[in-house]
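Here are my notes for you to read beside the model. Please check each point against the structure as you go.

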There are 2 protein chains.
Amino acid sequence: MSLSAAAQDLVDLESARKEYATLRDAGLKLDLTRGKPSPEQLDLSAAILSLPGANDYVSAEGIDTRNYGGVEGLIEIREIFGKLLGIPAQQLLAAGNASLNLMHDVLVHALLTPVPGAERRWVDEEEVVFLCPSPGYDRHFALTERFGIRMVPVALTGEGPDMDEVERLVASDARIKAIWCVPKYSNPTGETYSDEVVRRLAAMPTAAPDFRILWDNAYAVHDLTDEQVPLLNVLEACAEAGNPDRVFVFASTSKITLAGAGVAFFGSSAANVAWLNKVLVKQTIGPDKVNHLRHVRFFGDADGVLAHMQKHRALLEPRFEAVYEVLEAELTGIATWTRPKGGYFVSLEVPDGCAAEVVRLAKEAGIALTPAGSAFPYGKDPRDHQIRLAPSFPSVDEVREAMRAVAVCVKLAVAEQAAAK
Amino acid sequence: MSLSAAAQDLVDLESARKEYATLRDAGLKLDLTRGKPSPEQLDLSAAILSLPGANDYVSAEGIDTRNYGGVEGLIEIREIFGKLLGIPAQQLLAAGNASLNLMHDVLVHALLTPVPGAERRWVDEEEVVFLCPSPGYDRHFALTERFGIRMVPVALTGEGPDMDEVERLVASDARIKAIWCVPKYSNPTGETYSDEVVRRLAAMPTAAPDFRILWDNAYAVHDLTDEQVPLLNVLEACAEAGNPDRVFVFASTSKITLAGAGVAFFGSSAANVAWLNKVLVKQTIGPDKVNHLRHVRFFGDADGVLAHMQKHRALLEPRFEAVYEVLEAELTGIATWTRPKGGYFVSLEVPDGCAAEVVRLAKEAGIALTPAGSAFPYGKDPRDHQIRLAPSFPSVDEVREAMRAVAVCVKLAVAEQAAAK
């Protein structure tokens, strides 16, 4: 986005400077950096802190969840989330407290043990490349970089990655082994992949025989409207396209129950699950099955999960509305932003070359924003224009106050840029 | 051990066959395979199943344990176990539910990121070799084998590994990157490393600049007598010897609270902890801090842990006594066995060439024993003489019954061997 002449008229350097000086003097301390649930959201799961209860530890199958064993996780929790994710429970593993950790582990195993279809371990490849639809989830990129995997950004279109570009790249380059996807209410753009995008990802010819879609379905049930935007079943799409082993699905309850003490899931084809199970039995004697049981008791069933998510929505919606309210009042014509139907983020796009300056100004005024560029591979936003806003954690009043501050910073950065030309 | 003429007189083939036939007809179904706590032991931690309680989630430092963050784990639980393990809390990380998983992860990180002092990642070495004091913990060996690391067995002496052999090997061979140690009440021999062994491990010159002691202190507080066998502080010994970064310490509450839902620990030098932390922040947003708090509330303090361990001892001692009682009555002069002062295992040594046959006979009679050889690298006991007995899980009566059955199998195997000569 380049600022139109009309928009430049909206920002006056002198008044922007005055507004910012007042803001800085106010000595705020607010944080819009991370997609953390608020304490009120965590309170929704207060019951889980005393579950399963002293005499409740035997699973429906008669397993003593307190003891060792059962590397695939408790079947009851896999059934509940299998239903929600559209994955047969037998192809869904329940693991520890963090899907990021599970993604880490799956990458480690792919590096050190050939995945089904692979000619060799990824660590034995000359070079491994991942496609990174951007802006995307910074922790995906940090994890990828940590393993020395080269990241190639791909544009997002509003209904998923630019598939012409993706198809062109994977067709000819066998070094490209994977693509990161947050397919529903994507972090940070909020978009959901269209059926056509999912089908093309599932069916596209890839030069690498061991290409994988890393499908981080982090916001599968995290609606912010009545719409419940549908997402095509990627596992079925891959199977139908004759590429049954192409996708690794990840999910977790981190933003359903407790962010630090939830349950993570891995779903895939029978062959991929068998591959992971084979290395998992060396890695651990089993996940925390008591925590699995705790979640089973808390939810009851899949409908219980959905009912619980409505309570999250009731807390989140006003925070998102507060963001839009301030953005509309203050930045119409100056910046653009998303209005996601679910998830945790608003993506704010300021005029090119202004994002880093906005974040810097905000920081000086006591407002923590995610570093500019952090939603891009290597932390580099080529246009320096995108800022991720995470309104879930602060109170509605704090969100409003923080957003007003952000608006002041955006106006000053834009005015300064215009003045410098 | 080769059977003396006197011992051979003790076993008569005909009566051994008769005894075994009777045993097999009895149709028993008993299991002495794994070091699993019994349900009664797990009941000791029943309170933990409803902790921390609905309104209890803030740590002493004011952290909301329910939310994301704090990759190093809750400071209170690190302080409690730091005291018990002799490791400053700042150098001790609290992690997920399984120390095996933590060992897996540390090996993964050493394979993929140079450890302090290393010239390169272990995955980039021509070959990596680990020393494996044997008999040892089968899951250490399975994990090592899984990563393609070559295992070299080293004899145990009753007070730790044969240090002359260890020193000779590590001094000249830079491919040797680590040694597995279960230093206290070792699995399965029950021995505790002497101060001299610990000092020699800490001080020995190694050809590899990045040599590590993998110190799995799994039974640090798991006494079966009043003696509480002391173990030298390996971290201090390494620092004093000028090799502060040499040791990775592992521990867990798996055999203190709930086997599947405990807390695992990693302790080391400041440099090693910083190395691990740096990769951990890419791997996860944090461990299950609610489970850490749950354990803090349950124990109260380090003395609480020790008091709790006395309850375990009260349940375990009669089971071990039942093992000795039957072994003494039935196998004196025929086999030898350990009488550990702590831990979970009795190591039974039968005449060379008989162990696999004993396990086979037992299986046919409905008694599950750990496969012969499983306590050795690659599952190969060169003398085919060692059997690991795990009496913790069955009831005292079942232990006695199982041991009587084992004795029958040992006598038959020995008699058959003698007859075949």
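The points below go from the whole chain to single residues.

1. **Ground rules.** This is a predicted model, in which local features need pLDDT of at least 70, side-chain atom pairs count only at pLDDT 80 or more, and totals for chains, interfaces and linings use all residues. Residues are numbered from 1 along each chain as its sequence is written, chains are lettered from A and ligands numbered from 1 in the order in which they are written, and side-chain values use heavy atoms, with hydrogens and water left out.

2. **Chain A overall.** Chain A has 14 helices and 12 strands. Both are DSSP runs numbered from the N terminus: helices are H or I with at least four residues, strands are E with at least two. The C-alpha atoms fill a box of roughly 70 × 55 × 35 Å along the principal axes. The radius of gyration of chain A is 22 Å, which agrees with the value near 22 Å for a compact globule of 421 residues. That radius is taken over C-alpha atoms, and the globule rule is 2.2 Å times the number of residues to the power 0.38.

3. Of the 421 residues, 62% are buried. Buried means under 20% relative accessible area, with a 1.4 Å probe and protein chains only. Contact means heavy atoms within 4.5 Å. Among contacts with a separation of 6 or more in chain A, 76% join residues 24 or more positions apart.

4. **A helix pair.** How do the axes of H7 (residues 163-172) and H8 (residues 195-203) of chain A cross? They come within 11 Å and cross at roughly 0°. So H7(A) is roughly parallel to H8(A), a label for angles under 35 degrees. Axes are lines fitted to C-alpha atoms, for helices over the stretch in contact, and angles run from 0 to 180 degrees between N-to-C directions. H7(A) contributes A:Met163, A:Asp164, A:Val166 and A:Glu167 to the contact, and H8(A) contributes A:Val197, A:Arg200 and A:Leu201.

5. **A buried aspartate.** A:Asp210 sits in the loop between H8 and strand E6 (212-216) of chain A. Its relative accessibility is 0%, so A:Asp210 counts as buried. Its side chain makes a polar contact with the side chain of A:Trp122 at 2.9 Å. A polar contact is a pair of N or O atoms within 3.5 Å; within protein, one must be able to donate a hydrogen and the other to accept it, and residues adjacent in sequence count only if both atoms are side-chain atoms.

6. **A residue touching both chains.** B:Gln283 belongs to helix H10 (residues 270-283) of chain B. It counts as buried because its relative accessibility is 1%. Its side chain makes a polar contact with that of B:Asp105 (2.9 Å). B:Gln283 also touches residues including A:Leu100, A:His104 and B:His109.

7. **A covered helix.** In H11 (residues 289-299) of chain B, 10 of 11 residues are buried. These pack against H11 (289-299) of chain A, and against H4 (75-85), E2 (92-94) and H12 (302-331) of chain B. B:Asp288 caps the N-terminal end of H11(B), with a side-chain oxygen 3.1 Å from the backbone nitrogen of B:Val290. B:Gly300 follows the helix, with a positive phi near 80°.

8. **Backbone points to check.** The peptide bond from A:Leu51 to A:Pro52 is cis, with omega near 0°. The bond from B:Asn187 to B:Pro188 is cis too, with omega near 5°. A:Tyr185 is not a glycine, yet has a positive phi of about 45°.

Definitions and conventions. Angles under 35 degrees count as roughly parallel, over 145 as roughly antiparallel, 65 to 115 as roughly perpendicular and the rest as oblique. Buried means under 20% relative accessible area, exposed over 50%, partly exposed in between (1.4 Å probe, protein chains only). Lists of a residue's contacts leave out its neighbours within four places in sequence.
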